[in-house]
Amino acid sequence: MKTVIIGTGSFAPPRVVTNDDLAEIVDTSDEWIRTRTGIVQRRISEGPGTTWMAAEAAKRALEDAGVRPEEIDIIIAATTTADYCFPSTACEVQGILGAGNAVGYDVSAACSGFIFALHTMDALIKTGTYGTGLVIGADNLSKTVDWSDRSTCVLFGDGAGAAVVKACESGDRGVICSQLGSDGSKASVLTCQARSMGNFLTESRPEPGYIAMEGQEVFKFAVKKVPECVDSLLRDAGTDIDEVKYLVLHQANYRICESIARRLKISMDKIPMNIDRYGNTSGATIPILLDELNRQGKLCRGDKVVLAGFGAGLTWGAMLVQW
Ligand code: COA
């Protein structure tokens, strides 16, 4: 049984915040942000949060796939910025869509989340447990950044992407293989403290934590682990990198992507980018980019594409898909 992506969708909130806008609230500049990260602007959700964006992306993916909500068997949402500790984002989206025959739950792997969710979906589909699934990557990091910390607040944005998948018994299309990794010994390199921190029988309710990051450590980790993981994935699949049309990489920093391209000895033409428009939307970057490629007609039947992500945990993962 193969897991085939039959539709994609994405959504970003309408409010555009440029680098110049940020230069009015912290000591930074358009030039610094562009040259260090490749980011020009990001979208920020001013009111509604992750569920809203996830549901909008899901509706677009369902429309693209020609699948009705009641046909979905399972919804897996990847997010670390759910609007609530519970219910899950997946259950909330299920309610909004009216996907009454589905089961829904979230996975948490930060910016690697979409790969982890799609990997989980693929494993369940391969066993024959479910036939039609919805995988979502959605994050609302603007509500977790410290807007007075210039070293992190310039990097992130809000958005959501989704893919509808279907079990197919025959054919070459679909997920070929995937590899995931995590290293909890480096967990402190990139953190955001949970919001449910009130203490038993005390009045104490600590202030919610914000994203804290050792930027250079994350940079070094990403440019080492991602090429290693992609190499290993392709070796397992018996596929040469020249056969891969696109490496759809997590959009965290243009320079990270360039460095990964150099290490894999591939041209940046193979690494589509949209970080300039969205910044780092965490679990949403890969499905948003995939949706853009799909809608621009850049993915043809038979194309091989590698999806690869990295992020807090530390986590990383890569997946080879035949379109
Ligand atoms: N504007 C202007 N100056 C800034 C700034 C900003 N937004 N943020 C930091 N600086 C300053 C620092 O204070 C420092 O100044 P100093 O030399 O006077 O101390 C200087 O710029 C260099 O800071 P540094 O942290 O060494 O910069 P860098 O070249 O490592 O770039 C990142 C910082 C965050 C862009 C880079 O480390 C990075 O992208 N890391 C990966 C982060 C990431 O992708 N996280 C998410 C992963 S999923």
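Q: How much space lies in the largest pocket?
A: In this predicted model, the largest pocket holds about 830 Å³ of space.

Q: And which residues are closest to its centre?
A: The lining of the largest pocket is made up of 30 residues, and of these T80, T81, A82, T144 and C192 are the closest to the pocket's centre.

Q: Which elements give two or more residues to that lining?
A: Those elements are β5, which covers residues 103-107, and β9, which covers residues 190-192.

Q: Okay, which one gives the most?
A: That is β9, which contributes three residues to the lining of the largest pocket.

Q: How do the lining residues divide into nonpolar, polar and charged?
A: In the lining of the largest pocket, 14 residues are nonpolar, 12 are polar and four are charged.

Q: Switching to helices now: at what angle do α7 and α8 cross?
A: Helix α7 (residues 215-237) and helix α8 (residues 254-264) have axes that cross at roughly 40° and come within 9 Å. Angles under 35 degrees would count as roughly parallel and 65 to 115 as roughly perpendicular, and α7 and α8 are therefore oblique to each other.

Q: Is the crossing left-handed or right-handed?
A: The crossing in which α7 passes α8 is right-handed.

Q: Which residues make the contact?
A: From α7 the contact is made by F219, A222, V223, K224, V226, P227, V230 and D231, while α8 brings R255, I256, S259, I260, R263 and L264.

Q: What kinds of residues are those, then?
A: The contact of α7 with α8 has nine nonpolar residues, one polar residue and four charged residues.

Technical notes: Residues are numbered from 1 along each chain as its sequence is written. This is a predicted model: local features need pLDDT of at least 70, side-chain atom pairs count only at pLDDT 80 or more; totals for chains, interfaces and linings use all residues. Side-chain values use heavy atoms; hydrogens and water are left out. Axes are lines fitted to C-alpha atoms, for helices over the stretch in contact, and angles run from 0 to 180 degrees between N-to-C directions. Helices (H or I, at least four residues) and strands (E, at least two) are DSSP runs, numbered from the N terminus. Angles under 35 degrees count as roughly parallel, over 145 as roughly antiparallel, 65 to 115 as roughly perpendicular and the rest as oblique. A crossing is left-handed if the near helix is turned anticlockwise from the far one by less than a right angle, and right-handed if clockwise. Contact means heavy atoms within 4.5 Å. Ala, Val, Leu, Ile, Met, Phe, Trp, Tyr, Cys and Pro count as nonpolar, Asp, Glu, Lys and Arg as charged, and the others, Gly among them, as polar. On a 1 Å grid over the protein atoms alone, a cavity is a set of points where a 1.4 Å probe fits but cannot get out, and a pocket is an open set with protein on both sides within 12 Å along at least five of seven lines; lining residues have an atom within 4 Å of a point. Grid points are joined across faces, edges and corners, and a volume is the space filled by probe spheres set on the points.
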